[in-house]
Amino acid sequence: MKSTDLIILNFEEVRRRSMKVWTSIPSEYLNWKPDDQAMSCIEMIRHVLESEHYYHLAILNRGSLKSFASPFESHPYTSVEREIEFATPYRNAFLETVSSFEQSDLENIKIDRSDVGYIRTLGDMLLRIAYHESVHTGQLLDYLRTAEVPRIRIWD
């Protein structure tokens, strides 16, 4: 198995667990947030999906984008299913890009995000993207606990 195959497997496993959490949130809690400064549940889901698209473009650019016209901005919040459906073509394009890289690319391509404090290899950046989603999935589980909403079991 190639390194990129393992990275894609990780992306798919992280997303599978995220989707278990996302789709378990009762619709009446999608706009719930623990405080006024926090993202709501649906905003956090959108943030994860939109960030993956941004990261994909940043990888293609080999660094942070000078400007980012997000296709998600004109897409109204409706449901978790609609968010996932809207993001699917962007997700597929991202995974296709990841699968196109060679082992040497993972080690030698640098992604310059010095504007936010780092320059990392492509391999490191890809793992950071999956970690970003994992962190937000954990946050959503904490949101549900705080709101006293039953939480789905993600450790299957």
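**Helix packing, cores and a hairpin**

In this predicted model, helix α2 meets helix α5 through Cys 41, Met 44, Ile 45, His 47, Val 48, Ser 51, Glu 52, Tyr 55 and Ile 59 on the α2 side, and through Leu 122, Met 125, Leu 126, Ile 129, His 132, Glu 133, His 136, Gln 139, Leu 140 and Tyr 143 on the α5 side. Sorted by class, this contact comprises 12 nonpolar, 5 polar and 2 charged residues.

Two packed helices are described by the angle between their axes and the distance between the axes. For α2 (residues 41–61) and α5 (residues 122–146), the angle is about 175° and the axes lie 10 Å apart. Angles over 145 degrees count as roughly antiparallel, and α2 and α5 are therefore roughly antiparallel to each other.

The largest nonpolar core contains 23 residues, and Trp 22, Ile 25, Ile 45, Val 80 and Leu 140 have the most contacts inside it. At least two residues of this core come from each of α1 (3–24), α2, α3 (80–100) and α5; the greatest contribution is that of α2, with 6 residues. Apart from its neighbours within four places in sequence, Ile 45 contacts Trp 22, Ile 25, Val 80, Glu 83 and Leu 140.

Strand β1 (residues 110–113) and strand β2 (residues 118–121) run antiparallel and are joined by 4 bridges; Asp 112 has Ile 119 in β2 as its bridge partner. The two strands form a hairpin with 4 residues between them, and Gly 117 in the turn has a positive phi of about 110°.

Notes
Residues are numbered from 1 along each chain as its sequence is written. This is a predicted model: local features need pLDDT of at least 70, side-chain atom pairs count only at pLDDT 80 or more; totals for chains, interfaces and linings use all residues. Side-chain values use heavy atoms; hydrogens and water are left out. Axes are lines fitted to C-alpha atoms, for helices over the stretch in contact, and angles run from 0 to 180 degrees between N-to-C directions. Angles under 35 degrees count as roughly parallel, over 145 as roughly antiparallel, 65 to 115 as roughly perpendicular and the rest as oblique. Contact means heavy atoms within 4.5 Å. Ala, Val, Leu, Ile, Met, Phe, Trp, Tyr, Cys and Pro count as nonpolar, Asp, Glu, Lys and Arg as charged, and the others, Gly among them, as polar. A nonpolar core is a set of buried Ala, Val, Leu, Ile, Met, Phe, Trp, Tyr and Cys residues joined through side-chain atoms within 4.5 Å. Buried means under 20% relative accessible area, exposed over 50%, partly exposed in between (1.4 Å probe, protein chains only). Two strands pair if DSSP finds at least two bridges between them.
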